[in-house]
Every structure is written in C-alpha cells, then in structure tokens.
Amino acid sequence: MKRILIALFFFTALAATAQDDANLVYNPSFEEHSQCPQRIDALGVMRGVDAWWQPTRGSSDYFHTCGGRECSVPRNKMGSQAPHSGEAYCGIYCSQEDYREYLQTELREPLKSGQRYRVSFHVSLADKSPHAVAALGALLTIDRMSDSTMGILMRREWSDIGMREMQSIATWLTPQAQNPVDRILDNQRDWTEVCDTFVAAGGERFLTIGNFADFNHSIVVETHFAAAVLQGAYYYVDDVSVICIDPVSTDAPIAMPAPAEGEIIPMWGVFFDVDSHELLPQSYNELRRLLELMSAYPNMKIELRGHTDSTGTRAGNQRLSEARAQAVADYLVEHGVDSRRLTANGYGGTVPLESNTTPEGRARNRRVEYRVIGY
C-alpha cells in the first residue's frame with residue numbers, strides 16, 4: 001500500500017509539473033512579487049506583483065499573506081478568503097458601467113494560428129460585495145490593450161476630423177473565454193473556475209481578465225450582504241492558465257527565431273512610473289524573454305533605445321529616455337549578459353510611432369525597444 005501511495009504521489013506531482021510547464025501565463029497565481037502590498041488605494045496603481053498590471057485607470061488590487069491589514073490574506077478590507085493556491089491573489093471590481101477594473105499580462109509566447117487553447121481562471125466573490133455578476137471573461141489580443149479612462153475597457157481609435165481635432169471611436173471587445181450568462185458568480189465561500197476553449201487566430205500575446213459587457217448585459221444580482229465597502233461586485237482572482245490542448249506534435253525542439261540584423265523590436269511589456277527610470281515588476285516577463293534570446297544567440301549585440309512622448313521639455317525627455325534604456329541594459333548585465341554586447345541610447349520624443357495628440361498615441365510613443373546591431 002505504501003508503494004502505491006508513493007507512486008500516486010509521484011505521478012500526481014509529475015502531472016502538476018507538466019501542466020505548469022505547459023501554462024503560457026507567467027506568475028499564474030501571483031506568488032512572485034517585488035514588494036508586499038500595504039493598502040488599497042481607490043485611485044492607485046497595482047504594483048509589486050510580477051508580470052501583471054492594470055490596463056486602465058481602474059485600480060486593481062494585490063493581496064498577499066505578507067501584506068498590510070487592508071490587503072492581507074486571508075483577511076483583508078474586502079472580506080476573508082484563502083487563496084485557491086499559494087499565498088496570494090488579485091482583486092477587481094466588475095459591475096458598474098462607469099467604473100471597472102481589469103488584470104492584464106503578457107504570455108510567455110504568442111498563440112499559434114489554428115491551435116485550440118484552454119483558458120481558465122478562478123474567482124471568488126468578496127464577502128463585502130452587495131452584488132454579483134455573470135459577465136466575467138478573458139480576452140486575448142495581439143496588441144497590449146490600454147485605456148486612459150476608468151470605465152469599460154474598449155478598443156479606441158482616433159480619427160482626424162479637421163482643424164487639428166481628433167475624435168475617439170470606441171468599439172466593444174469580445175473575450176474568447178466567457179462565463180455562461182446563466183451562471184451567476186455569487187460563491188463567497190469557495191472558488192469558481194471560469195474556463196473556455198477557443199481556436200487562436202495567431203499572434204495573440206496579451207491576456208486581459210474582467211467584465212467587458214455593459215451594465216445591462218452583465219446580469220447583475222443582489223447578494224445578502226448589506227454593509228458593503230463598495231456598491232457593486234468585487235472578485236478575488238487566482239490561478240490563471242492558458243494551455244494549448246492540441247499542440248502540433250513534433251520531436252524536434254522549436255528554436256527561438258533570430259531577429260534580422262537591423263531589426264527593431266519594441267518591448268511593450270516594459271513599464272516605468274511617470275518621470276521615472278526605475279523598472280516596475282510588471283516588466284520582468286518581457287525582460288526574461290530578452291534574456292532567453294540573448295542566451296540563445298550568444299554573439300548577438302543589440303542597441304537599447306529609449307523613447308518618450310512629446311510632453312515635457314526636450315532636454316528632460318532626452319535624459320529620461322537615456323536613463324530608461326540604461327535601466328534595461330543594467331538589468332541584462334545583472335543577469336549575466338556581457339556589457340560589451342549592449343549599447344544604450346535615448347532618443348527623447350524625436351522618433352514617435354503615432355501622433356502625440358491622443359493618450360493612446362502618447363502611450364505607444366513611450367517605449368523601450370532594441371535594435372539588432374550584429375552577430
């Protein structure tokens with residue numbers, strides 16, 4: 001009997017390890033962090049948790065056993081809940097039309113066209129939520145989605161209407177993985193899995209979790225809890241996964257493609273605070289990918305290029321862009337890359353990708369990229 005139990009334990013552990021390796025989500029249960037969360041700020045920015053960020057001005061929250069009183073685990077400002085696994089989870093507000101919160105990350109690799117993927121995440125309605133919803137889902141996109149508002153995350157495009165005026169056109173986003181509309185997510189005691197499968201168009205790199213429906217289509221219901229901290233539905237989120245369930249079978253390992261000499265690759269997953277060159281923890285997934293590329297091609301040399309938008313002074317933008325490029329170079333050197341393979345330069349706001357007349361355009365212009373200068 002003891003041998004049977006040991007064998008069962010071994011195969012269970014082996015299966016769990018295989019599933020972890022197959023998961024394209026880095027830091028799926030939010031364990032990896034650079035600092036312990038101390039409080040929930042209604043107008044703040046989620047920070048401390050590696051590779052995850054908020055794509056809008058809605059202030060998503062991070063909870064950990066090491067956190068302060070408001071954002072500790074299991075007891076915190078929103079109620080009490082043990083993690084689905086590990087010691088941490090995140091929280092998002094999901095019901096009102098004029099205020100929403102989301103979680104976003106970049107996958108380990110882009111999805112492959114024609115392949116079927118299983119997307120899953122676990123939610124638990126916070127104790128102090130007077131409402132619950134059905135419309136929670138996971139959206140996968142090629143580009144990083146962002147919005148300068150605090151409302152529903154939508155795809156916004158800007159068009160020139162003349163006289164130097166721009167008009168914003170917003171379109172709804174449809175998540176590939178969606179909780180069924182007839183299943184209200186009202187479980188406050190345990191965790192509920194939201195999962196779905198879909199066939200990838202190809203190239204999807206960013207995953208966003210939240211409520212993408214308007215209030216009338218969110219299926220909002222009241223709960224029994226009256227003394228609420230917020231008027232609406234607040235959910236804890238844990239254990240996120242994106243797994244290919246019918247991969248192309250091959251015996252040969254797939255090599256990382258070598259960028260062409262002279263090619264410029266933007267690093268959209270590298271983040272800094274406003275007017276700061278200090279790397280935020282959300283950047284580590286993107287930086288690890290660059291480290292893997294530098295390791296795969298040990299003779300590759302790159303120029304790290306920092307850019308800003310047009311706000312601020314020209315001299316200040318130049319200094320900031322140089323410092324941000326150097327911050328990425330310092331990270332690579334600290335993790336084993338020979339400094340002779342790296343050059344860091346700043347270009348200020350002189351090389352915009354889009355117009356600086358819109359918030360989205362300015363966000364695209366603020367970036368760090370690298371150019372392959374030789375092998």
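The structure is a predicted model.

The largest nonpolar core has 36 residues. Within this core, the residues with the most contacts are Trp52, Leu207, Tyr235 and Val242. Two or more residues come from each of the elements β5 (88–93), β7, β9 (137–141), β13, β14 (206–210) and β16 (234–244). Strand β7 contributes the most, with five residues. The surroundings of Leu207 show how parts of the chain meet here. Leaving aside neighbours within four places in sequence, Leu207 is in contact with residues including Val25, Trp52, Leu103, Val119, Leu139 and Val242. Another core, of 24 residues, lies apart from the largest one, and among its members are Val270, Phe272, Val368 and Tyr370.

A pair of aromatic rings is described by the distance of the centres and the angle of the planes. The structure holds 12 aromatic pairs. In one of them, the ring centres of Trp53 and Phe271 are 4.5 Å apart and the planes meet at 50°, so the pair is tilted. Trp53 belongs to strand β1 (residues 52–53), whereas Phe271 lies in the loop between β17 (264–266) and α2 (284–296).

Tyr117 and Phe198 form another tilted pair, with 6.3 Å from centre to centre and 35° between the planes. Because Tyr117 is in strand β7 (residues 116–125) and Phe198 is in strand β13 (residues 192–199), this pair ties together parts that are 81 residues apart in sequence. Tyr117 and Phe198 are also buried. Elsewhere, ring pairs link Phe63, Tyr89, Trp191, Tyr234 and Tyr236 into a cluster. A ring may also have a charged residue over it: Arg305 lies over the face of Tyr347, at 4.4 Å from the ring centre.

The last stage of this account concerns helix α3 (residues 314–334). This helix has 21 residues and reaches 30 Å from its first C-alpha to its last, close to the 30 Å expected at 1.5 Å a residue. An α-helix has 3.6 residues a turn, so residues three or four places apart point the same way. The buried residues of α3 include Asn317, Leu320, Arg324, Val328 and Tyr331. The elements covering the buried residues of α3 include α2, β18 (301–307), β19 (342–346) and β20 (367–374). After α3 comes Gly336, which has a positive phi near 105°.

Methods:
Residues are numbered from 1 along each chain as its sequence is written. This is a predicted model: local features need pLDDT of at least 70, side-chain atom pairs count only at pLDDT 80 or more; totals for chains, interfaces and linings use all residues. Side-chain values use heavy atoms; hydrogens and water are left out. Rings of Phe, Tyr and Trp (its six-membered ring) pair if their centres lie within 6.5 Å; planes under 30 degrees apart count as stacked, over 60 as edge-to-face and the rest as tilted. Helices (H or I, at least four residues) and strands (E, at least two) are DSSP runs, numbered from the N terminus. Buried means under 20% relative accessible area, exposed over 50%, partly exposed in between (1.4 Å probe, protein chains only). A charge sits over a ring if NZ of Lys or CZ of Arg is within 6 Å of the ring centre and within 35 degrees of the ring normal. The expected span of a helix is 1.5 Å times one less than its number of residues. Contact means heavy atoms within 4.5 Å. A nonpolar core is a set of buried Ala, Val, Leu, Ile, Met, Phe, Trp, Tyr and Cys residues joined through side-chain atoms within 4.5 Å.
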